[in-house]
Amino acid sequence: MSDDIVLSLTKATKLYAGVAAIDGIDFELRRGEIHALVGENGAGKSTLTKVMAGVVTLTSGAMAVDGVVVSPKSPLEARNLGIAMVFQENSLVPTMTVAQNLFLGQEHFYNRLRGIYIAAQQFLQSLNFDVTPTTTVGALGAAKKQMVEIARAVLHKAKVIIFDEPTATLTPEEKKYFFDLVRDLKRRGVSIVFISHALEEALALADRITVLRDAKKVVTDDAVNFDRARIVQAMVGRDLSNTLYGVRKASVRKAGDRVLVVQNLKMAPMVKNNSLSIFAGQITGVFGLVGAGRTETFKIVSGVLKRDFFFGGEIFLRNKPARFRVPALAVQSGVAYVTEDRKVEGFFETASIARNIYLGLLSKFPRGRALLSRREANTVGSNWIKALNVRAISDEARVVELSGGNQQKVVIAKSLVQEPDLIIFDEPTRGVDVGAIVEIHDLINRLADEGKAVVVISSYLPEIMALSDRILVSRQGKVVEEFSALEATEEKIMYAAIH
Amino acid sequence: MKRFRVTQQEIVFVVFAVLFAAFSILLPGFLTADNMLTLLQNVAVLGILGLAMAIVVLGRGIDISLIAALAVPPGIVLQMVQNGHSLPASIVTALLFAVVFGLVNGWLIAVAEVPSLFATLATGIFVAGLGQAFLFQLDVVQWSPGMEGFQRLGQGAIFGVPTPIVMFAIACVAVAVFLRLTRWGAYTYAIGDNPNAARVTGLPVRPIIILQYVLATLIGSFAGFVMAASINSMPTRIFNSTLIYDVILVVVLGGIGLSGGRGGVLNVIIGTLLIGTMLNGMTILDIPYAGQNLIKGVVLLLAVITDSFLNPRNEETAQQGDI
């Protein structure tokens, strides 16, 4: 029974633009087991599950279901193979009823509502799910929505159900109920794969646990052989030859003036009573897992986030209250935000490098001259291109033609030309090649040496450890722990970051 | 990374040249001085409207209400003069009306965040209806004695060049200066290229969008003034015509990407030349109105498809970094 493999992956590799998201992973899922996937952000958990669910196709390697080699190219193909995925974002249609959602895509030509309501009622009862088939999905709570998703997966005769962070949106009681559901599915012979950041859950629920790190599999073992410490160790333990991020800091920079104070900042649903301070002349690293509210907090500070949700709390910039409605006001007050997603909100792709940087300069001085100065644009452009060592054919090259690292340098230059004294780097080296990472880190260090207040938000622990003088750990919408870089270890930080 | 790539404006220019040559050889009466003059005069108004549309399209918007801007402010001038007001006072009133019209468009799109297509569709219908219901006594607002001097905007010639063409040239230069030399022009391109990045960089996105629509409305009204002056009246029913589609045709055909940020005044000129030649040739050929629409429809479709091939929006491609 224990060697009855439902689904297996051998040497599974997926490359995004030459960078491996998963690298040679072997994975086996037994029939009727609950298998937890854990690892840091970017370790490859999501990609691995997306491969199984047919959302992503492998660059190399093989996948087999019941011993037959398959390569599903769409979620539909995977579903026909008996693999269903329950996404973090709900994939239900909120305006339709539970029954309509269950049978979505399977309706007969003549779609008799009464018929599907009866069928749905019987089916839900057979699963012991307490959901009324005639309610609209939008009116259900998170847990019930998840039930509907699970019911749909079972209805499609799924042998394998994959959950991505199933408990992230649930209350404690709902979680308990969810666990019972999953155990019940297991008894029916369904295999479960679930991604979780909550290690206690993985330990309590799973039969086996696989730990991923840096796109590779570290270990797979029975859950009883794990404890919290061993998982954390496996998640962060890196080979010492990894010199890319330099050696640990021997000393830290002293804190200068208090530049930014955030008090009890609230923004539903991501930021909950967050309080923190940022000082001049040092680098403050902000670590946290996805959904910890780091990016949102600093996007509120820099005016990037629109006021769509309830907002409360206070922000002080150099002891003056500051609540910027738009980034333009933040920029004029010396706050720069370097985005984590440069394609979406970083650069102007049809414009030249020089024009991109010049636009940054123009927005710092809104009352400046009305006519553009070609000479100023060219000098500013070429100065920054030289200063940050942007490699391009010419200053007039379009940004979209550059490599990720050079694009990132242009985005940084566009902010630095505004001469900010509080600079927020959000994932500054995401999707950046190795050489450019070193250059960008040097640049960030130089800025702190010049006395600027620097914030580095990163999901990558080595980056936080290499850069920070002071480390803030964020969890579930607020900063929960603060370390000096001298006392911090990867284990301590990771311990604080997961709940 | 030197790649050989034919830009849309080059293709369109070649098509224009071929069409022009073919008409010249095959159509008697096409390449005459008289006809050339008519051709240019007819397209001047279309070209000015194209410039107005180009500004908003570069900023990743669209202004369907341009024909209302073309018809109503000049109609106000003619009507007020008819009612005994002085010409300068009437012009000032009409311009104020146009500015408010543009501000409303801009506010709806930039602040209320209504998609530009729907916002301008609604305001255009509203303003045209307002004019026909309350402002004008007849569908065609007639010339009256108080209008002396106004016709110089659209009739006669300046240094031997027909006035409408001079007006088109002036509008071209003004728009080119705005787009290429001022910081607001640079902002317009940036917002059209990537509105999110423009916001994060600290550009004044909302004021610039409002400015774009005010300028578009003012330029549209200018086209209306030229038109009214050259035909000595303002047929306000023009709002019900298919003129707005011709304007979009000019802009898209000329190579201004509907995804924003790409193109300039040169593209409008090329688009106007091609459309002008096409319309003129079809009229000489005596193709009936329905047939002309058929041809225009096919050409617009081809242009839009070419546009989406040459200038794909790439928000989708930006999503791939998710690991």
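**Two-chain model: questions and answers**

User: In which strand of chain A does N264(A) lie?
Analyst: This is a predicted model. In chain A, the run of residues 258-267 takes in N264(A) and is strand 11.

User: What is the phi of N264(A), which is not a glycine?
Analyst: Most residues other than glycine have a negative phi. N264(A) is not a glycine, yet its phi is positive, at about 50°.

User: Does N264(A) count as buried, partly exposed or exposed?
Analyst: A residue needs 20 or more other C-beta atoms within 10 Å to be buried, and 12 or fewer make it exposed. N264(A) has 13 C-beta neighbours inside 10 Å, so it counts as partly exposed.

User: Where is the place of R318(A) in chain A?
Analyst: R318(A) is a residue other than glycine with a positive phi near 50°. With 16 C-beta neighbours inside 10 Å, R318(A) is partly exposed. Its place in chain A is the loop between strand 14 (311-317) and strand 15 (320-321).

User: Is R355(A) buried or exposed?
Analyst: R355(A) belongs to helix 12 of chain A. The threshold for burial is 20 or more other C-beta atoms within 10 Å. R355(A) has 22 such neighbours inside 10 Å, so it counts as buried.

User: What distance separates the C-alpha atoms of R355(A) and N378(A)?
Analyst: R355(A) sits in helix 12 of chain A. Along the chain, R355(A) and N378(A) are 23 residues apart. Their C-alpha atoms are separated by 8.3 Å.

User: Which helix of chain A gives the most to the side of chain A that touches chain B?
Analyst: The contact takes 34 residues from chain A and 24 residues from chain B. On the chain A side, helix 1 (45-52), helix 10 (327-332), helix 11 (342-345) and helix 12 (353-364) each supply at least two residues. With five residues, the one that gives the most is helix 12 of chain A.

User: How many residues on the side of chain A that touches chain B are nonpolar?
Analyst: Chain A brings 34 residues to the contact. Of the residues on this side, six are charged, ten are polar, and the nonpolar ones number 18.

User: How far apart are the C-alpha centres of domain 1 and domain 3 of chain A?
Analyst: Chain A is divided into domain 1 (5-236), domain 2 (243-334 + 420-499) and domain 3 (347-419). Between the C-alpha centres of domain 1 and domain 3 of chain A, the distance is 45 Å.

User: What is the radius of gyration of chain A?
Analyst: Chain A has 17 helices and 20 strands. For its 499 residues the globule rule gives 23 Å, and the value of chain A is close to this, so chain A is as compact as a globular protein of that length, with a radius of gyration of 25 Å.

User: What radius of gyration does chain B have?
Analyst: Chain B comprises twelve helices and four strands. A compact globule of 323 residues would have a radius near 20 Å, and chain B agrees, at 20 Å.

User: How is helix 6 of chain B placed relative to helix 7 of chain B: roughly parallel or roughly perpendicular?
Analyst: Helix 6 (residues 163-181) and helix 7 (residues 183-193) of chain B pack with their axes 5 Å apart, at an angle of about 75°. Angles of 65 to 115 degrees count as roughly perpendicular, so helix 6 of chain B is, relative to helix 7 of chain B, roughly perpendicular.

User: Which residues in helix 7 of chain B does helix 6 of chain B meet?
Analyst: Helix 6 of chain B takes part through F178(B), L179(B), R180(B) and L181(B). By class, this contact has four nonpolar, two polar and one charged residues.

Key:
Residues numbered from 1 in each chain as written. Chains lettered and ligands numbered in written order. Predicted model: local features only at pLDDT ≥ 70, side-chain atom pairs only at ≥ 80, totals over all residues. Rg over C-alpha atoms; globule rule 2.2 N^0.38 Å. Domains from an automatic or database assignment. Contact = placed C-beta atoms within 7 Å. Nonpolar A, V, L, I, M, F, W, Y, C, P; charged D, E, K, R; others polar. Axes fitted to C-alpha atoms, helices over the stretch in contact; angles between N-to-C directions. Parallel < 35°, antiparallel > 145°, perpendicular 65-115°, else oblique.
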